[in-house]
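User: Hi! I have a new model open and would like to walk through it with you. Can we start?

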Amino acid sequence: MAKTAKDLVEAANAVVPKISHGEAKELIDKGALVVDVRDAPELEKSGKVAGAVHVPRGMLEFRADPESPYHDQNFAKDKPVIVYCASGGRSALSGQALKELGYPDVYNLGAFGDWADSGGAVENTAGENA
């Protein structure tokens, strides 16, 4: 039987722990990499978590893989990675992909809007070429 997107997200949520905003702030203070996997228009509209690296969902595996010519040096397997998106689904799938690539400490922050609404630090990305 074919799986649905909901099935895939549920499976990803089973292996990637969801963390609170407080837990995320603690990890960020200790040097965690924060990754925004939303599309560029979403960032331009709302900004991003302060200090986050923007990697669209479709490019994540290529940016995170040290063997890829598209590898982003911000990704290091020896530090925690926190992923987020607009609602938590893409970040769950992203977290699962990172775990499969060998990143041991991956967490799902969930929805950007919840972070912003809770007073989390946000930076404006209007005009940024994401």
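User: Which elements make the right-handed β-α-β unit here?
Analyst: That unit is made by S4, H5 and S5. Right-handed is used in this sense: with the strands pointing away from the viewer, the path from the first strand over the helix to the second runs clockwise. Helices (H or I, at least four residues) and strands (E, at least two) are DSSP runs, numbered from the N terminus.

User: Thanks. What kind of model is this, and how are residues numbered?
Analyst: This is a predicted model, where local features need pLDDT of at least 70, side-chain atom pairs count only at pLDDT 80 or more, and totals for chains, interfaces and linings use all residues. Residues are numbered from 1 along each chain as its sequence is written, and side-chain values use heavy atoms, with hydrogens and water left out.

User: Back to the sheet, then. What is the strand order?
Analyst: The order is S3-S1-S4-S5, in an open sheet of four strands with parallel pairing. Strand S3 (53-54) and strand S5 (106-111) are the edge strands, each pairing on one side only. Two strands count as paired if DSSP finds at least two bridges between them.

User: Where does H5 sit?
Analyst: Helix H5 (residues 89-100) packs on the sheet and touches S4 and S5. Its direction makes about 150° with that of S4. For that angle, axes are lines fitted to C-alpha atoms, for helices over the stretch in contact, and angles run from 0 to 180 degrees between N-to-C directions. Contact means heavy atoms within 4.5 Å.

User: How many bridges does S4 have with S5?
Analyst: Strand S4 (residues 81-85) pairs with S5 over five bridges, in the parallel sense. Val-81 has Val-106 as its bridge partner in S5, Ile-82 has Tyr-107, and Cys-85 stands opposite Ala-111.

User: And on the S1 side, how many bridges join S1 and S4?
Analyst: There are four bridges between S1 and S4, and the pairing is parallel. One to look at is Val-35, whose bridge partner in S4 is Val-83.

User: Is S4 buried or exposed?
Analyst: Five of the five residues of S4 are buried, so S4 is largely enclosed by the rest of the structure. Buried means under 20% relative accessible area, exposed means over 50%, and partly exposed is in between (1.4 Å probe, protein chains only). Val-81, Val-83 and Cys-85 point one way from S4, Ile-82 and Tyr-84 point the other way, and all are buried. S5 is mostly covered too, with five of its six residues buried.

User: Changing topic: where is Arg-38?
Analyst: Arg-38 is in the loop between strand S1 (33-36) and helix H3 (40-46).

User: Why does Arg-38 count as buried?
Analyst: Arg-38 counts as buried because its relative accessible area is 3%. The side chains of Arg-38 and Asp-36 are joined by a polar contact of 2.7 Å. A polar contact is a pair of N or O atoms within 3.5 Å; within protein, one must be able to donate a hydrogen and the other to accept it, and residues adjacent in sequence count only if both atoms are side-chain atoms. Not counting residues up to four places away in sequence, Arg-38 touches a list of residues including Tyr-84, Cys-85, Arg-90 and Phe-112.

User: Nice. What does the side chain of Ser-68 reach?
Analyst: It reaches the backbone oxygen of Phe-62 at 3.0 Å. Ser-68 is in the loop between helix H4 (60-64) and S4, and counts as buried at 12% relative accessibility.

User: How far is Lys-6 from Gly-89?
Analyst: Their C-alpha atoms are separated by 8.5 Å, with the two residues 83 apart along the chain.
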